[in-house]
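Trainee: I would like to learn how to read side-chain contacts in a structure. Can we work through one together?

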Amino acid sequence: GNLLRDKGNCTAAEHEYQLIETFPGPRGDQAQFARAACLEQLGRNNEAIDAYRRYLERPNARQALRAQQRLRELSP
């Protein structure tokens, strides 16, 4: 997913992240947050909001502060 995202293909990256976002630990944590960011970049803001909210439900979400910030900025 990261390689696809870095090449500017968030559509394909989002799909790759979705495949592993439920994994426990750092890999799943990163994938779930990155998927939300890709959804946002693709203009799918309602889906991004849902994804960030689900991300914040993770135990020990590593990027919780960034996710909360993104939610504040995306929410009407």
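Trainee: Which residues are linked in a network of salt bridges?

Mentor: One caution before the contacts: this is a predicted model. The network links Glu14, Glu21, Arg35, Arg44 and Glu47. A search of the whole structure finds 8 salt bridges.

Trainee: What makes a pair count as a salt bridge?

Mentor: Look for a side-chain nitrogen of Lys or Arg within 4 Å of a carboxyl oxygen of Asp or Glu. Take Arg44 and Glu14: their closest N and O atoms are 3.9 Å apart.

Trainee: With which other residue do the side chains of Arg44 meet in a salt bridge?

Mentor: With Glu47, at 2.8 Å from N to O.

Trainee: Which residue does Asp6 meet in a salt bridge?

Mentor: Arg5. The N to O distance is 3.3 Å. Now apply the accessibility test again. Asp6 counts as exposed because its relative accessibility is 57%. Arg5 has a relative accessible area of 31%, so Arg5 is partly exposed.

Trainee: Let us turn to the rings. How many aromatic pairs does the structure hold?

Mentor: There are 2 aromatic pairs. To classify a pair, check the ring centres, then the angle between the planes. Planes over 60 degrees apart count as edge-to-face. In Phe33 and Tyr55, the ring centres are 5.4 Å apart and the planes meet at 65 degrees, so this pair is edge-to-face.

Trainee: Where in the chain do Phe33 and Tyr55 lie?

Mentor: Phe33 is in helix H3 (residues 25–41), and Tyr55 is in helix H4 (residues 45–56). They are 22 residues apart, and the pair links distant parts of the chain.

Trainee: Which residues do the ring pairs link into a cluster?

Mentor: Phe33, Tyr52 and Tyr55.

Key: Residues numbered from 1 in each chain as written. Predicted model: local features only at pLDDT ≥ 70, side-chain atom pairs only at ≥ 80, totals over all residues. Heavy atoms only, no water. Phe/Tyr/Trp six-rings, centres within 6.5 Å; stacked < 30°, edge-to-face > 60°. Helix = DSSP H or I, 4+ residues; strand = E, 2+ residues; numbered from the N terminus. Buried < 20%, exposed > 50% of the residue type's maximum accessible area, 1.4 Å probe, protein only.
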